Amino acid sequence: MATPTQTRRISCATPAPSSTPNLCCHPRSGKPLSGQHDTTNLANADPLLTRAKKQKAALQHLITHGPQTETSLKCLGFSATVIEGLETKGLIQRIRKVLWRDSPKTASLLAEPDLALNDEQTHAIQLINLATSFQCFLLDGITGSGKTEVYLHAIAHRLASAQQTLILIPEINLTPQTLERFRHRFNSPVVAYHSQLSDTEKLTVWQQARSGYARVIIGTRSATLLPLANPGLIVVDEEHDNSFKQQDGFRYHARDVAIYRAQQENIPIILGSATPALESLHNALCGKYTLLRLRHRPTGHAAPPLQFIDIRGQRLQEGLTQIVIEAITEQLHAKHQVLIFLNRRGYAPVILCHHCGACLDCPHCNAHFTWHKHKNCLKCHHCLTQQARPETCPQCGSPELKPLGQGTERIESTLQTVFPNTLIRRVDRDTTQTKSAMDRLREDINRGEPLILIGTQMLAKGHHFPHVTLSIILNGDTGLLSVDFRGTEKLAQLIIQVAGRAGRGTRAGKVLIQTLHPDHPVLQQLKQGGYPAFATHALLERQQANMPPFGHVALLRAEALDPQAVYSHLTQIKNRLCQQINLSNPPLSVEVLGPVPAPLSRRAGLSRQQILLQATERKPLHHVLSLLEHTLHHSEIPTQRIRWSLDVDPIDLY
Ligand code: ADP
Ligand code: ZN
Ligand code: ZN
């Protein structure tokens, strides 16, 4: 297989601060340049460029972005003449940089031996390895049951015939962990693709995937469409995760696109999860997918049972019950690690005036400001507005502003008071912005010393923290009363995933969940029969309501400054659509519901409303959607100041 190993690149003769000096030799001296140069003003200062605007722009681009390939410069509109002009003046030079080498020709594909599989894993692997054409497998395995080990075996099988595997994971933060585990196992090139790579890094991985050099490609949502020279298998890990859905611009669900892609490439695909999406489960139960189940942890410990703590009428210490504090103390004494989940960033989600009862709200959204005490500012988590916290109530002038409720920052500071000698690490979007912060965090966790982790959603996803023996969910009720039809599904997945972080190593785990509704059927189903019991009930409910996966829905969202304009626009669209539906022969069986305000009815100053289309069959729904699209694009209804979007199979109704 042809595997390009080098690419010609162009760099400026004076290296930009971030470039590697020994790759950028000055043509005249021929010596590697070292030291920092004031490169920012180079283009302005150089008299050779006073009348060559394009050349100046190209040079400035190289200074800012470092070495580029000729092709990428041309894509930006810099012609060969511009590049040659700069070259002739000695301001830039062509260099060859080795981007990657050929795959090592080692005798063994494996860098470390495979683990001996248990019976359930063996059965799964046998079926997956037998598949030589499109087949969709749902690997429904409890947390820690060795799903990743199954992927590794399946990949090894494809590597033996020089085939590539694409692995989709939900979260960038999982990449280093997954990458490490896969690189440890294989002698073949394992690469990662995600949105935090620079354009140049993305291009390299893109070429490595397309040329066939990269045999294992691990990526987030956007990796779904990477070109592959010789694809053999696709894996979607944590397939239930909502981050696979792109929620703006071009809306797509990476899992669904991956399935379509596997079908086009005629290769098998594995969807893996401990808490499969109800859609996937339904497809497996009705025989569309092959269901593979892993019900045991190879380490011997069962997945930990769920223990609910009824917080009604209890005295809480800043959101923590005495039972929780004692359980943490016990684990820390035993030198174990503890994970605490709370799906709320910041210090407090509400600031209330004790005098007049007003809350500090975002002026642009129907939402409260969250107080971030660390930065002493108010942030709106919907439109990202940020402002200083006032000293007094804007309504009545009283200084009695009280923070209500707990966010991760507040719990962190409470824990610091209760456990002053323990290392406490907060894991949320505010603390994990940089790669070095994530690396430090991983180091702390992997050292295995007593530690309390407090974090949001990020902590719940697929991590393997072998030293964590206790998982705690502080607010186990979020989602129980949600207006969203997927609210309880999301909650059930979250509880099982957070619970699954405990007891993954050699020691058994424990799970505590604080709740105001310990008797709620969803929580009881989870406690007694785990996710399968919940899923059975939830599927029945969805069937009765004709909601996905039994019915199919699409959402037309519209937003504008003027609520009346959105309403009348959507009403006209609806009327026209209903006319068309009734005129068709036979009438299309699609219900058009709305317009109604979106659950967050105002965001970033815009009023948001929506129309829901619901059908039992996909075919009439798509027929109506094409009518709708036509109406939206060609109607004389003024749409100038109304922004709309059409979301087929929305994952939430927001
Ligand atoms: P999952 O992906 O289902 O959460 P993992 O594949 O991460 O589970 O496995 C959990 C732990 O069990 C890991 O430490 C892994 O090395 C170990 N493990 C998996 N399969 C086996 C096996 N067959 N024998 C021994 N240990 C195993
Ligand atoms: Zn007030
Ligand atoms: Zn806002």
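Reader: What geometry does the site of the zinc ion (ligand 2) have?

Author: Tetrahedral, in this predicted model. The angles among the four donor atoms run from 105 to 113 degrees.

Reader: Which atoms coordinate the zinc ion (ligand 2)?

Author: The SG atoms of Cys353, Cys356, Cys393 and Cys396. They sit at 2.3 to 2.4 Å.

Reader: And how are the donor residues spaced in sequence?

Author: The pattern is C-x2-C-x36-C-x2-C. Cys353 and Cys393 link distant parts of the chain, 40 residues apart. Cys353 is in strand β13 (residues 350–353). Cys393 is in the loop between β16 (386–388) and β17 (401–404).

Reader: Are Cys353 and Cys393 buried or exposed?

Author: Both are buried.

Reader: New topic. Where does Glu171 lie?

Author: In the loop between β5 (164–168) and α7 (175–185).

Reader: Why does Glu171 count as buried?

Author: Because its relative accessibility is 15%, and the cut-off for buried is under 20%.

Reader: What does the side chain of Glu171 make a polar contact with?

Author: The side chain of Lys461, at 3.5 Å. Beyond its neighbours within four places in sequence, Glu171 is in contact with Thr220, Met458 and Lys461.

Reader: Last one, Asp140. Which strand is it found in?

Author: Strand β4, residues 135–141.

Reader: Buried or exposed, that Asp140?

Author: Buried, because its relative accessible area is 4%, against a cut-off of under 20%.

Reader: Which residues is Asp140 in contact with, leaving aside neighbours within four places in sequence?

Author: Ser273, Ala274, Pro276 and Leu281 are among them. The list also has Leu291, Leu292, Arg293, Leu294 and Arg295.

Key. Residues numbered from 1 in each chain as written. Chains lettered and ligands numbered in written order. Predicted model: local features only at pLDDT ≥ 70, side-chain atom pairs only at ≥ 80, totals over all residues. Heavy atoms only, no water. Helix = DSSP H or I, 4+ residues; strand = E, 2+ residues; numbered from the N terminus. Buried < 20%, exposed > 50% of the residue type's maximum accessible area, 1.4 Å probe, protein only. Contact = heavy atoms within 4.5 Å. Donors = N, O, S within 2.8 Å, 3.2 Å for Na, K, Ca; no water. Tetrahedral: all angles 85-135°; square planar, octahedral: opposite > 155°, others 65-115°. Polar contact = N/O pair within 3.5 Å; in protein donor to acceptor, adjacent residues only side chain to side chain.
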